[in-house]
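The following note sets out points for discussion on the structure shown below. Please read each point with the coordinates at hand.

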Amino acid sequence: MNNSTSPAQSPGKSGVIHNTLVYMRQHWQLYVLFILPAFLLTLIFKYIPMGGVLIAFMDYNPFRGLLGSEWVGFEHFERFLTSPDFLRYLANTLKLSVFGLLWGFPVPILLAFLLNRILSKGIKRKIQLVLYMPNFVSVIVLCGIVRILLSPTGMINSLLGTSANFMTMPQAFRTIYIASGIWQGAGWASIIYTAALSNASKDLKEAAVIDGANLIQQIKAVEWPAIKDTVLIQFIMQVGNVMSIGFEKAYALQTDLNLNASEIISTYVYKKGILDGDYGFSTAVGLFNTVINVILLVSMNKIVQRMNEGKGI
Amino acid sequence: MKKKSEFAKYPAEDKAILIVGYILLGLFVVAILLPMAYIILASFIEPVTLQNSGLTFDFSKWTLMAYERVISNAQIWIGFKNAIIYSVVFTVLSVVITLLAAYPMSRPDFRGRGLFNTMFIITMFFGGGLIPTYLLISNLGMLDSMWAVVLPGAFSVWNMIIARTYYQGVPRDLQEAAEIDGATEMVYFFKILLPVCTPIIATLAMWQFVGMWNSYFDAMIYLNSASKQPLQLVLRSILIQNQPEPGMVSDMQSTAARAQLAELLKYATIIISSLPLMVMYPFFQKYFDSGIMAGAVKG
């Protein structure tokens, strides 16, 4: 390990390169066996498509390829940004994720607090098992269940005594999407908070009880401090992801009649690109989305890093 | 008895708050179980009765017809078979590649660590998007092949970071002891490091398996032949597009009867397709926390 990497007194440039080569020869397995597969997959399936975003500035013709197609500059972006649909799709995307975040974010925290206050370990485990279950239901099955329950003759309508067709109402789409999201994800998302809460020292809690602190005071003094950092980091990370809202669920809940609310950027990119074959335009719309996303993610990441250094604001 | 006394320790107003809380929690649990119970019960009821009067406990109106028709449909089984193949291949590939890559990335002395790290992290923020990826897959001749679904996402940077964090928590003495014994990288990795990492391996495997089993987007855009469709795509045509597999309902005389039957088939399809994961996930409960915690430590 240390034969030729003798304490580098003045590691000149060639010295550094030499040391690296020696290291690589000694530890060739790290490069060839351990990291190579991941490196190749990343190079091929992530970096080549990154080059492919040039299509966004082209009138791309699959038969002529990247080199033979004509450059059109920002034409696709202009077409998208000036179209009346642009604002609607952007608003649909943002509303769906921002409202989803506002409604959905507190629920897992509340669940964790309540689970933490269940005294019987056995009951707690059973409740958790039920809470986690919807996470293992697939998007398609979830949306299938939603469609069944909300159909004009379904369970919800018979409970309400109505026969509304909710799936065709644009004004109902966001509620359906967000509520079913909470149904599916809140229990699973509570794990991280439950784990953080279990770190809240038992002694500290007992001391608080002896001091005569009531429930609210205990939460303020013991439990909230234990999960505060986790809550903040989770929130910031989710804010960073508002533009990367998934395709699968929105698409599976779309009907021809609720498109006014349910067409979001990712479903639009799919329809334009894969279904209509409008490659350049679709790529441009996708790139627009990615760029906003990157800006959001990078700034949110900066905030998290600053928090970690300062040990949580 | 002890539990009761612990609850009794709370002052009266705290008890009130707690009881409201427990009720809320109970309602959430009921909200999860109720739709499931409804689907299970409805799947046994004759299509006409279900359409006209909903659930009934008059067992003369119960039938196993929906299950018989779903189980005897070939496409469902093709879907199951493909889903198992894709999920197993994807899980094995992904976990192996991710665990391997995480090892050099966990070593402070690894030359090029910063470079690889930057290369990997960039892909978490920026990507080529749908069409460039689709064109690449198409140019590689991978359209309508399992590899289009299984390969592009096989290396997960996020999971690599989690595995790396876990490795770094393994005491260094173990490695130093191995080095003194003259163990090579491979021996240390396979014989010493991996055996103490089983919780994280199980967690990653579970995530990848469930993720692949439940997804449909990649299969929808890359796979065209009916013989290659995974379960979720078969479910999509039955549940979302209202198109039962040919043969499931075609023997019914009237359009109305076909529509009623198609509706009933959805219930049985949901039950049959969800059963495997519903039965399996409780066995993995002990791994849920470990994975989430490892990910939370260094975000």
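1. The buried residues of helix 2 of chain B pack against helix 3 and helix 15 (255-280) of chain B, and also against helix 8 (139-150) of chain A. Those buried in helix 2 of chain B are B:Phe28, B:Ile39 and B:Ala42. A residue is called buried when 20 or more other C-beta atoms lie within 10 Å of its own, exposed when there are 12 or fewer, and partly exposed in between, with C-beta atoms placed from the backbone. Helices (H or I, at least four residues) and strands (E, at least two) are DSSP runs numbered from the N terminus.

2. The model is predicted: local features need pLDDT of at least 70 and side-chain atom pairs count only at pLDDT 80 or more, whereas totals for chains, interfaces and linings use all residues. Residues are numbered from 1 along each chain as its sequence is written, while chains are lettered from A and ligands numbered from 1 in the order in which they are written.

3. The length of helix 2 of chain B agrees with expectation, because its 31 residues at 1.5 Å each should span 45 Å and its end C-alpha atoms are 44 Å apart. The expected span is 1.5 Å times one less than the number of residues.

4. How many residues does each chain bring to the contact between them? Chain A supplies 73 residues and chain B supplies 75 residues, two residues being in contact if their C-beta atoms, placed from the backbone, lie within 7 Å. On the side of chain B that touches chain A, helix 2 (residues 12-42) of chain B gives the largest share, 13 residues. That side has 52 nonpolar, 15 polar and 8 charged residues. Here Ala, Val, Leu, Ile, Met, Phe, Trp, Tyr, Cys and Pro count as nonpolar, Asp, Glu, Lys and Arg as charged, and the others, Gly among them, as polar.

5. Chain B is divided into domain 1 (2-66) and domain 2 (68-297), with bounds from an automatic or database domain assignment. The centres of these domains of chain B, taken over C-alpha atoms, are separated by 32 Å. In chain B, 11 residues of domain 1 are in contact with 12 residues of domain 2. Helix 2, helix 3 (47-53) and helix 4 (65-71) of chain B each supply at least two residues of the domain 1 side, and helix 3 of chain B gives the largest share of that side, 4 residues. By class, the domain 1 side of this contact in chain B has 9 nonpolar, 2 polar and no charged residues.

6. The largest nonpolar core has 112 residues, of which A:Ile140, B:Ala101 and B:Ala163 touch the most other members. Such a core is a set of buried Ala, Val, Leu, Ile, Met, Phe, Trp, Tyr and Cys residues joined through C-beta atoms within 7 Å. Helix 5 (residues 74-106) of chain B gives the most to this core, 12 residues. Both domain 1 (2-66) and domain 2 (68-297) of chain B give residues to this core, so it lies between them. Leaving aside neighbours within four places in sequence, B:Ala163 is in contact with B:Thr98, B:Leu99, B:Ala102, B:Ile200 and B:Leu204.

7. On overall form, chain B has 16 helices and 0 strands, and chain A has 16 helices and 2 strands. The radius of gyration of chain B is 25 Å, whereas a compact globule of 299 residues would have one near 19 Å. Buried residues make up 36% of the 299 residues in chain B and 34% of the 313 residues in chain A.

8. Two backbone angles deserve a check. Phi of B:Asp144, which is not glycine, is positive, near 60°; B:Asp144 is found in the loop between helix 7 (130-139) and helix 8 (146-150) of chain B. B:Asp144 counts as exposed because it has 12 C-beta neighbours inside 10 Å. Phi of B:Asn242, also a residue other than glycine, is positive, near 55°. B:Asn242 lies in the loop between helix 14 (231-240) and helix 15 of chain B.

Terms used:
Rg over C-alpha atoms; globule rule 2.2 N^0.38 Å.
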